[in-house]
Amino acid sequence: MQPIRNLLRKTTFATSANGLNQLPEDSIGEIAFAGRSNAGKSSALNLLTGQKNLARTSKTPGRTQLINYFTIQEGLYLVDLPGYGYAKVPLPMREHWQKILQGYFETRTTLDGLIMLMDSRHPLTDLDRQMLHWCEFQELPTHILLTKADKLSKSEANNTLFKVRKSLEADFTTPITVQLFSSTKPEIGLNEALDYLGSWISHHEA
């Protein structure tokens with residue numbers, strides 16, 4: 001297998017979907033990215049793929065309103081799901097996307113796992129927990145990136161990581177992995193996240 005960094009740098013935009021009937025039919029495996037609208041999802045995708053503008057970033061939370069597919073290699077996709085929990089998004093749109101997200105998790109048979117992003121300063125909100133319970137019900141492997149860890153001191157960040165792990169162990173029956181991450185300081189968590197993606201890709205190439 002190509003080194004994971006080189007492979008991810010070749011990631012290209014594939015398609016956007018506004019409903020479940022528009023999702024790619026050639027998928028053999030996909031990893032979805034989900035999180036609250038201000039969790040830094042687009043920045044994380046750009047850092048992981050080594051591309052500054054693959055996923056559009058915005059200072060206005062809630063900008064991602066489509067399911068965006070990015071091709072790593074034939075049949076393997078990274079999937080950028082709409083950010084959730086932003087109050088200024090109109091209620092009908094929020095309800096539409098809640099229905100789409102739930103349907104995606106319940107019916108997408110090629111979905112191998114979820115990378116969930118949470119602001120390390122405000123982790124495990126009620127909406128985050130709702131998303132995790134969906135994943136638990138579907139027995140979907142989930143890996144959490146505690147983003148913006150550079151905003152915390154090293155001791156604060158490690159304490160947050162410890163508390164989140166203990167909470168996950170107490171509240172969920174399926175194992176959920178979690179790590180610290182920063183899109184502005186790659187030394188915080190980038191290699192660990194790349195290892196996670198690399199093991200997933202290796203599984204499909206084995």
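The model is predicted: local features need pLDDT of at least 70, side-chain atom pairs count only at pLDDT 80 or more, and totals for chains, interfaces and linings use all residues. Residues are numbered from 1 along each chain as its sequence is written, and side-chain values use heavy atoms, with hydrogens and water left out. Helices (H or I, at least four residues) and strands (E, at least two) are DSSP runs, numbered from the N terminus.

- Seven strands build an open sheet with mixed pairing, in the order 1-3-4-2-5-6-7. Two strands count as paired if DSSP finds at least two bridges between them.
- Strand 1 and strand 7 (176-180) are the edge strands, and each pairs on one side only.
- On average, neighbouring strands are turned by 25 degrees against each other, direction ignored. Axes here are lines fitted to C-alpha atoms, for helices over the stretch in contact, and angles run from 0 to 180 degrees between N-to-C directions.
- Strands of a sheet pair through backbone hydrogen bonds, either parallel or antiparallel.

**Strand 4 and its partners**

- Strand 4 pairs with strand 2 in the parallel sense, over five bridges. Gly29 stands opposite Leu76 of strand 4, and Ala32 stands opposite Val79.
- Strand 4 pairs with strand 3 in the antiparallel sense, also over five bridges. Here Phe70 has Leu78 of strand 4 as its bridge partner.
- Two residues lie between the strands in the hairpin of strand 3 and strand 4. Gly75 in this hairpin takes a positive phi near 85 degrees.
- Strand 4 is mostly covered, with five of its five residues buried. Buried means under 20% relative accessible area, exposed over 50%, and partly exposed in between (1.4 Å probe, protein chains only).
- Both faces of strand 4 are covered. Leu76, Leu78 and Asp80 are buried on one side, Tyr77 and Val79 on the other.

**Helix 3**

- Helix 3 spans residues 91-107 and has 17 residues. From first C-alpha to last it reaches 24 Å, close to the 24 Å expected at 1.5 Å a residue. The expected span is 1.5 Å times one less than the number of residues.
- Its buried residues are Trp97, Ile100, Leu101, Gly103, Tyr104 and Phe105.
- Their cover includes strand 1 (12-17), strand 2 (29-35), strand 3 (67-73), strand 4 (76-80), strand 5 (111-119) and helix 4 (126-137).

**Nonpolar cores**

- The largest nonpolar core has 37 residues, and Leu81, Phe105 and Leu114 have the most contacts inside it. Helix 3 gives the most to this core, with five residues.
- A nonpolar core is a set of buried Ala, Val, Leu, Ile, Met, Phe, Trp, Tyr and Cys residues joined through side-chain atoms within 4.5 Å.
- Leu114 touches Ala32, Phe33, Leu81, Phe105, Met131 and Tyr196, among others, not counting residues up to four places away in sequence. Contact means heavy atoms within 4.5 Å.
- A second, separate core of 26 residues includes Ile4, Leu117, Leu145 and Leu197.

- Leu124 is not a glycine, yet its phi is positive, about 55 degrees. Leu124 sits in the loop between strand 5 and helix 4. Leu124 counts as buried because its relative accessibility is 12%.
- Lys148, also a residue other than glycine, has a positive phi near 60 degrees. Lys148 lies in the loop between strand 6 (142-147) and helix 5 (154-171). Its relative accessible area is 24%, so Lys148 is partly exposed.
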